[in-house]
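I'm jotting down what I look up, entry by entry.

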Amino acid sequence: MRIEKSALACIPLLVSLAVMQAQQAPSAAQQDKKVHINQIQVIGTHNSYHTGFAPSEHKWYEQLNAKWMRSLDYSHAPLEHQLNGGVRQIEIDIYADSKGGRYAHPAIDHMVAAAGLPADPDFDPQHEMDKPGFKVMHMQDIDERSSCHTLISCLTQVRNWSKQNPNHLPVFILLETKQHPSSSPNIVQPEPFTPAVFDALDAEIRSVFSADEMISPDQVRGSYDTLNEAILTANAGKKHGGWPTLAEARGKVVFLMDQRPVGPVYLEGHPSLRGRVIFTNAQPGSPDAAFVEQNDGTPEQISALVRQGYLIRTRSDDSTEEARSNDHTRANRALESGGQMVSTDYPASEPSSWTGYFVSIPGGPVARCNPVNRPADCVDSLLEPNAAH
């Protein structure tokens, strides 16, 4: 009887302890108000639109240059499937096509026919390539197959998914402008990206996403003079600006520019990206610097930039090599670096067919609190507890 009374006496104490622990544990809503979008880490995909090669294309390229074909032998599911699988950063290569039809008849079709190989399925049965607007593919004329042929189509898929999953972490959309002239007379020359073409790009993005569905450079700059000042000093709380919290960013997208050389053209007439949609891939310390791509940076270099406040994208694998050997060395270093976006050709939903290689956040969540600059009380499981995957 004395034992039973003693046990009963402990119940109020245990209940009190449980209540105290529950009160101390932050809720997702409470955490969202304290964690900023540069204080998490997510998995992204490289060339997210890429669907690989049709059978005769594959055979022709393999005979022409087996090493080159080996490096490009990867493909991705449609964007919404990647997002459902936990990907939160995608990459889209874009070509300007102001009049339409510039890339509608790829040279590879003639090359395959000349080699006596069977014709492959039409890469554009809906004739989307005939219409004006930005087109999506890896290399004009020779690597043209995409899960979405136009930028508007790609972005519409993302927006539709976003509306169906309104509580998602921000989706980072990396854009690479393709305009490098070809030395081959058989390859169509790409249209250059001028300030006017970039104006059209911003307009096309805004035709899909409204201002309140995006995180813009103007929002991050806030009342600071430059973007760089905002992301380096905003945590001091002296002015409005800096990277938004998750409470402000859920359900939104962030546009980032892949390559650095086009930044000055995009900045013409828009100092520190005033009025622009896309964050440039900038030199640290420059007025427009908020995002810095570090695909080949060392973990130490990346960690130092993350601590300063920069948003970083890095890569975990390249040219299918790590996937063929199941080598996670580069992936582990990328994850440890604190780069907020770790991009792969093999997310968890799309493992390598050779070895089963894939890249994910340790333990498999959609995101984790950043290993370099996480707030002390950040809880991984609260970042995206209701993820579809």
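Ground rule before I start: I call a residue buried when its relative accessible area is under 20%, exposed when over 50%, and partly exposed in between (1.4 Å probe, protein chains only).

This is a predicted model, so I keep in mind that local features need pLDDT of at least 70, side-chain atom pairs count only at pLDDT 80 or more, and totals for chains, interfaces and linings use all residues. Residues are numbered from 1 along each chain as its sequence is written, and side-chain values use heavy atoms, with hydrogens and water left out.

**Entry 1: the whole chain**

I find 15 helices and nine strands; these are DSSP runs numbered from the N terminus, helices being H or I of at least four residues and strands E of at least two. The radius of gyration is 23 Å, close to the 21 Å that the globule rule gives for 389 residues, so the chain is as compact as a globular protein of that length. For that I use C-alpha atoms, and the rule is 2.2 Å times the number of residues to the power 0.38. Along the principal axes, the C-alpha atoms fill a box of roughly 95 × 50 × 40 Å.

Of the 389 residues, 52% are buried. I also looked at contacts (heavy atoms within 4.5 Å): among those between residues at least 6 apart in sequence, 73% join residues at least 24 apart.

**Entry 2: aspartate 97**

I went to the loop between strand E2 (89–95) and helix H6 (107–114), where aspartate 97 sits. Aspartate 97 is buried, at a relative accessible area of 3%. Its side chain reaches the backbone nitrogen of glycine 101 at 3.3 Å. I count that as a polar contact: a pair of N or O atoms within 3.5 Å, where within protein one must be able to donate a hydrogen and the other to accept it, and residues adjacent in sequence count only if both atoms are side-chain atoms. Setting aside residues up to four places away in sequence, aspartate 97 touches several residues, among them Arg102, Lys131, Lys135 and Glu191.

**Entry 3: arginine 250**

Is arginine 250 buried or exposed? Arginine 250 counts as buried, at 12% relative accessibility. I place it in the loop between helix H11 (246–249) and strand E5 (253–257). The side chain of arginine 250 reaches the backbone oxygen of leucine 383 at 2.5 Å. Beyond its neighbours within four places in sequence, arginine 250 is in contact with residues including Asp32, Pro166, His168 and Leu382.

**Entry 4: proline 170**

Proline 170 lies in the loop between helix H7 (151–164) and strand E4 (171–177), and at 0% relative accessibility it counts as buried. Outside the four places either way in sequence, its contacts include Ile37, Arg88, Leu246 and Val254. I checked proline 170 against arginine 102 too: they are 68 residues apart in sequence and 33 Å apart in space, C-alpha to C-alpha.

**Entry 5: positive phi**

Most residues other than glycine have a negative phi. Leucine 273 has a positive one, about 65°, although it is not a glycine. I find leucine 273 in the loop between helix H12 (263–267) and strand E6 (291–293), and it is buried at 0% relative accessibility. Asparagine 326 has a positive phi as well, near 55°. Asparagine 326 is in the loop between helix H14 (321–325) and helix H15 (329–337), and I note it as partly exposed, with a relative accessible area of 36%.
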